[in-house]
Amino acid sequence: MIRKLLGLLFFLAAVFILLPLFIEVTGRKDLYYVMTSVALLSIASAGVWLTFYIGRINIGQGAYALMGGYVSAILVMSYSWSFWLTLPIAGLFCAGVSILIGMPILRLRGVYFAMVTLVLTEVARLLALALPITNGAKGITSIPLPGSISIFGVTLVPDFVQVENPRIAFYYVAVVLMVVCYAGMYRLVNSRMGHLCMSLQQNEELASSIGVNIAWLRVVAYSISSFCGGVSGAVFVAATQSIYPSSFTVTDSVNFMLNCFLGGLGYVFGPMLGTLVLYLGWNLLFSTGQFQLLIYSAVMIILMLVLPNGLLSLGSWRRKG
Amino acid sequence: MNGVLISRRLLLASACAAALSLTTLAAHAADAKLKIGFVGVTSGPAAAWGTSNVRSMQTLAAWYNELGGVKIGDKTYELEIVTFDDQKDPKRAVEGMEKMAQEGIHYVVGPNVDDGAAAVRPVAEKNGIIYIPYAFPKELYSPPASNAILGMIANYQSGPAIYKYLMENKGVKKVAFVAANESDPLSQRDSGVAAAKALGLEVVAEKDTYQNDTRDFTPVLTPIVGLKPDLLVLSGVAPANAPLLIRAARELGYEGLISTETAQDAKVLEEGAGELANGFISVGGASTPEIASDRMKEFVERYTKMFGEYNDESNTKVYALDYILETMKANPASMDNVDEFKKTVDTFEAPNPYLKDPNAKLKYVGSTSFGQKRQLAVPMVVNEYKDGAFQTLFVGTVD
Amino acid sequence: MEQVIANGLYLGAQYALVALGLTLIFGLMNVLNFAHGQMYVLGGFITYVVYGQLGLPFVVAVLASGVTLAVVGGLMERYLFRTVIKRSHREESTMLLAAATAFFFDAVILLVFGEKQRGVPKIVKGVFNDFGVILPYDRIVVGLVAAVLILGFIAFMKFTKPGRAMRALAQDRTAAQLMGVEVDRYTMIGFALGAMLAGVTGGLLVSITGVNSGIGGPISIKAFMMIMIGGAGVVSGAIAGGFILGMMESVGLTVLREYGDVTYLVIFAALMIFLSIRPNGLMGKPWG
């Protein structure tokens, strides 16, 4: 228990203090955006991981990220809402849509579910191109930075326009959301519902026969997953100040899934580590030029051969040995 | 579980630190180095777009360095091209631009597509970077935007000129448009349709789209060919798809003209469609022997020697780096201050080394389209493909 | 309308051939091979070099594609997938391995063959134009070869010893093993066969649609859709799926063209609805 608590403290110190310190010391300011991306993508990946937890391969998270991004962008641009208000709305909207879509498709399993969700990503892209409200092919650009939040005259979050470097502000927003998201995930997995989800992953029929309402459980898990996707997409749009139908595509959906695999499907924090390694790995190989993809993929293959159960399985393997 | 995660993170962080300190050391060793950036797509299905940019820049840089570097003000600089593959993902493009800012780069070529170019705008403006996208949205180049400079001729500039020429010289009356269902081609189709209608042409097909991964275009083109248009416009067609579309249309018995407003590669057309591609109209740079200078020919030679094969898309893309360097020469203060660059843009003029015509000039244009000079004046050469090579149909200008 | 149906049939034959290899590998080892499209591309480039550049006969080139890919596929199964499947807790983990292999192929193909679209001279010149149908002869030839290959493959699976062994494996791995089927050997043969089909298809189609280094991913995804329509892991399902998708595209593009950008939206939405009603495709095994 103490070990866990120490680990948590250390982790919080690392993301809130050590990493910014490291960036300031080395002057690598571009890393703020990179780490913001990692944090946001890992939130979406956490959602995908939850669907893995109920035994479904989800390659459709890109659709919800895109949807969340558009909901936030449209509310900010056309209805002048505050970004902070659109953030939960984007998540809830995605959760709502995912309930409607999830009810029929969650009956599918294995590759069928995987493929339907993959198609869903493409459907979302084509919808964004075709619907009038999304401004079609031209996308939505020049989205203003988030404003301030104040309660009773106390400014909780400063106006991003006045912040000296909005990238740092976005970094903290993303990291706070990531910590909240993973804390929630951890709590969920260790709750009664988490154990029930685990039973779904192992044997749905058996779970059903002992009185678990599996249909309800699946839809709830899927909507939580989509909520994560929507929130992550919305913050991304605010950070890049623009959204296009191509902002989240099939490639992103596949990457979210790969993040989970790489980190380890059996570990709540797997997707976070997976995202970090996959995203940052590509970034670090930047200087290798035309061999970037070659080295990147070769390392991935080797990792898979050595640690087929994900990077985090290294820990349990060591403990066993 | 947490403990493991953290130690992994630390390990990574220290690895980063080591790598970083190495790169900074290297950067300090050479003192008169000039870095120019590239952020665009060099992998995946659209790899050809960015690759032709990168290779043009690398060929030129190697050439200049071989000649002892580039003299700007009273210092001579060795050129270094820093490239970033954004995988055609706007999120990555932003990362690339941040990286360029980190490297202290003020001039970046790319991105290659609309969404990437729009996404990097805030980063470029905040960090004082001038970037040269190959994307057409007008708001990137019109005030209040001021850091983007269009690197080629936009389709809303070349399209009307081509349609007008074909109306007057080939008796074109009915036009059909077909585009991939992605942002860039659809935007180009919309402005193409508007231009054709403004000229009084009858547009018989304006809503036909295809998935960019289509390999067989016969089903897409069957209904369009049945409408018997005089001109089939392939809006924003990817060089890889152009020969397939041409071949499918011709084999279905289409006899009218086919055109596009983007640059194409003759070798790709020859291999993919053979003689069926004869008469295909596209827009390129100083490509054809009638107008190319000896320097252009030497560039093609060096490119071929360095990379094995030339890409005709580079006829347009050769210009960006020279524009950046020539403008710096005209005003050395612009090297690390883009406000100086913006001032120089309005008056800048230099000879165009890639054209035979001694009066051809490098200058910034775009006042008509954008209300300010935010476009490179590359020659608008309208080509016709014939037996493995391009022939000049006419040369236009943009102001 | 005749033209639309002819287009659909031709497209279907082409798609079915692409889907066959993928479904075989899936049926045998429950691996969704993300690298299938890349194998197709590699086959295409090998034919491009042998037939287009070296000038050897087209048949030789396609054979070369098939043999090379069979070797590559066999090696992949032996040294990559077998290891990972044995050591991982959840068999879905192979998806990451498959994706990594796909990236690896992408990188190698881009480095070796460049970024340009490639094509080869037509294998047969001329166009068939009668009964309201226009079909170039080379498409007819490729369509027929595709049909022969598909029939040959079905016969192979039905009547030969390895074919029967592989079907047994696909149905029940443990039972097959107990009955004395050499699991490892036939899994490897099956993977090699699947890869070979991808290579042969790529080689054949390079004569019609050319090839470029970036299309591997999109082709894999399209092939996934086909096997999902028909039912994953079932040979007849892949063939049906290929033809259905081909026909849907051909008819959809003609019927829906007036509504413009929504053609593919409708096709994809129809797919999702279809699968919600038939969760295992047309004839898939229920556990998918």
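Start with the two domains of chain B: select domain 1 (30-151 + 294-379) and domain 2 (155-262), whose bounds come from an automatic or database domain assignment. Their C-alpha centres lie 30 Å apart. Where they meet, 10 residues of domain 1 of chain B touch 10 residues of domain 2 of chain B, two residues being in contact if their C-beta atoms, placed from the backbone, lie within 7 Å. On the domain 1 side, 6 of these residues are nonpolar, 1 is polar and 3 are charged. In this scheme Ala, Val, Leu, Ile, Met, Phe, Trp, Tyr, Cys and Pro count as nonpolar, Asp, Glu, Lys and Arg as charged, and the others, Gly among them, as polar.

A note before you go on: this is a predicted model, in which local features need pLDDT of at least 70, side-chain atom pairs count only at pLDDT 80 or more, and totals for chains, interfaces and linings use all residues. Residues are numbered from 1 along each chain as its sequence is written, while chains are lettered from A and ligands numbered from 1 in the order in which they are written.

Stay in chain B and pick helix α13 (residues 338-345); helices (H or I, at least four residues) and strands (E, at least two) are DSSP runs, numbered from the N terminus. Which residues of α13(B) are buried? They are B:V338, B:F341 and B:V345, where buried means that 20 or more other C-beta atoms lie within 10 Å of the residue's own, exposed means 12 or fewer, and partly exposed is in between, with C-beta atoms placed from the backbone. Look down the axis of α13(B): the buried residues fall within an arc of 45°, so they line one face of the helix. That arc is taken from the directions from the helix axis to the C-beta atoms. Show β5 (130-132), α12 (319-330) and β13 (364-365) of chain B as well, which are among what covers these buried residues.

Now for some backbone details. Most residues other than glycine have a negative phi, and most peptide bonds are trans. Zoom in on B:G110 to B:P111, a cis peptide bond with omega near -10°; B:P111 sits in the loop between β4 (107-109) and α4 (114-127) of chain B. Another cis bond runs from B:P143 to B:P144, with omega near 5°, and B:P144 belongs to the loop between β5 and α5 (155-170) of chain B. Next, B:K228 has a phi near 50°, positive in a residue other than glycine. Its loop joins α7 (218-226) and β8 (231-235) of chain B, and B:K228 counts as partly exposed because it has 13 C-beta neighbours inside 10 Å.

Move on to chain C. Select α4(C) and α9(C), whose axes come within 10 Å and cross at roughly 140°. Axes are lines fitted to C-alpha atoms, for helices over the stretch in contact, and angles run from 0 to 180 degrees between N-to-C directions. C:A102, C:F105 and C:D106 of α4(C) meet C:G216, C:G217 and C:S220 of α9(C).

Finish at the boundary with chain A, where 42 residues of chain C contact 39 residues of chain A. The largest share of the chain C side, 12 residues, comes from α4(C). By class, that side has 28 nonpolar, 9 polar and 5 charged residues.
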